[in-house]
Structures are given as C-alpha cells and as structure tokens.
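Subject: Handover of a structure for your study

Dear colleague,

Please find below the structure that I would like to hand over to you.

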Amino acid sequence: MEAQAQGLLETEPLQGRDEDAVASADFSSMLSEEEKQELKAELVQLEDEITTLRQVLSAKERHLVEIKQKLGMNLMNELKQNFSKSWHDMQTTTAYKKTHETLSHAGQKATAAFSNVGTAISKKFGDMRNSPTFKSFEERVETTVTSLKVFFRRRSYEEAKEE
C-alpha cells in the first residue's frame, strides 16, 4: 500500500507547466480574510527584506571595488591571474600530458613524412630535368627566347633608324 502511495507523490521539483498551473489556480476563495491579511503582511515584509538585501549587496560590491582599487587590482589583472592559473591547472592534468605527448609524437612523424615527400619531389624534378624530353623542351624555350630577343633588337634598331 505504501509503495502505491509513494508512486503518487512526486519527488521532483515543479516543472514549468506545473508552476503555471499553480500560478493560475485561485486559492483566495479558500482563505479567510484573516489569512489573506497575514499573507499580504508577509508578502510586504518579504519584499522589504529583498530590497534591503539588494541594497546591502550593492554596498558590499562597491566596497569590494574600492578595496581592489586600493590594492591595485583591476579586471585585467584578475583575468590574467585567472587565465594563468587555469592554464597551469590544465597543463598539470593527465589528459593534457597525454594529448601533448601524442601530438608531439605525431608532429615528429609528420615532419619526417614531409621531409621524405620533399626529398622525393626534388629527386623527381632532378630526374625529369635530366630526361631527354625536358632537355628538348629546354632547348626549344632557349631558341624561342633568343629569337624573340633578336626580333625586338632589330625592331628597336629599325624604329630608331626611321626617326
């Protein structure tokens, strides 16, 4: 019997729709005038206490700022200190150390791989440059450049002669 009753009682806090249902319910008809007056007085007292607490908190925050200014502490210094501490704390974690070690090892392997690729490419270019096809192409380019130089020299000479 108690297990069934326990299932009916919720142990979770009110959810949004539950709060809306409670807020929209009208309990005032269930209260006597005296109870209403007591609740209104309690409401006023709570609102006054909240206002007082906000004022006290505000005054304490101003005092805190004044003390920090006198000590030469400002937001930037605090951020730097917090960042430095957080960075140090992170670097001392096992996860960071393992990750750092793994990435360092991977970086070394990548450097070796790129070096090997660079060497292979250099060798291929060297082989290609020494090939008969490339030599033939190189000779044609040199011949074309020489022909163009001769052409432009003649043209410049003829233009100068006409003036």
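A residue is called buried under 20% relative accessible area, exposed over 50%, and partly exposed in between, with a 1.4 Å probe and protein chains only. At 52% relative accessibility, Phe125 therefore counts as exposed. Accessible areas come from the Shrake-Rupley method with a 1.4 Å probe, and for residues only the protein chains shown count as cover.

Please note that this is a predicted model, in which local features need pLDDT of at least 70, side-chain atom pairs count only at pLDDT 80 or more, and totals for chains, interfaces and linings use all residues. Residues are numbered from 1 along each chain as its sequence is written, and side-chain values use heavy atoms, with hydrogens and water left out.

Overall architecture

The protein chain has six helices and zero strands; helices (H or I, at least four residues) and strands (E, at least two) are DSSP runs, numbered from the N terminus. Read from that end, the order of elements is α-α-α-α-α-α. Of the 163 residues in the protein chain, 0% are buried. The chain exposes about 15500 Å², and 59% of this area is supplied by carbon and sulfur atoms.

Helix α3 covers residues 33-70, that is, 38 residues. From its first C-alpha to its last, α3 reaches 56 Å, close to the expected 56 Å; the expected span is 1.5 Å times one less than the number of residues. After α3 comes Gly72, with a positive phi near 80°.

Salt bridges

How many salt bridges does a search of the whole structure find? There are three, a salt bridge being a side-chain nitrogen of Lys or Arg within 4 Å of a carboxyl oxygen of Asp or Glu.

In helix α3, Glu33 and Lys36 lie three residues apart, about one turn of the helix. Their side chains meet in a salt bridge at 3.8 Å, N to O. Glu33 is exposed at 53%, whereas Lys36 is partly exposed at 23%.

In helix α4 (residues 75-91), Lys85 and Asp89 are four residues apart, and their closest N and O atoms are 2.9 Å apart. Lys85 is exposed, with a relative accessible area of 53%, while Asp89 is partly exposed at 36%.

In helix α5, Lys123 and Asp127 are likewise four residues apart, with 3.3 Å between the closest N and O atoms of their salt bridge. Lys123 is exposed at 54% and Asp127 partly exposed at 42%.

A surface patch

Phe125 belongs to helix α5 (residues 94-129). Together with Val117, Ile121 and Met128, Phe125 forms a nonpolar patch on the surface, with about 390 Å² of accessible area in total. Patches are made of residues with over 30% relative accessible area and no salt bridge: like charges are joined within 9 Å, and nonpolar side chains (Val, Leu, Ile, Met, Phe, Trp, Tyr) within 5 Å.

Aromatic pairs

The structure holds two aromatic pairs. The ring centres of Trp87 and Tyr96 are 6.1 Å apart and the planes meet at 75°, so this pair is edge-to-face. Phe151 and Phe152 also form an edge-to-face pair, at 5.3 Å centre to centre and 70° between the planes. Rings of Phe, Tyr and Trp (its six-membered ring) pair if their centres lie within 6.5 Å; planes under 30 degrees apart count as stacked, over 60 as edge-to-face and the rest as tilted.

Yours sincerely
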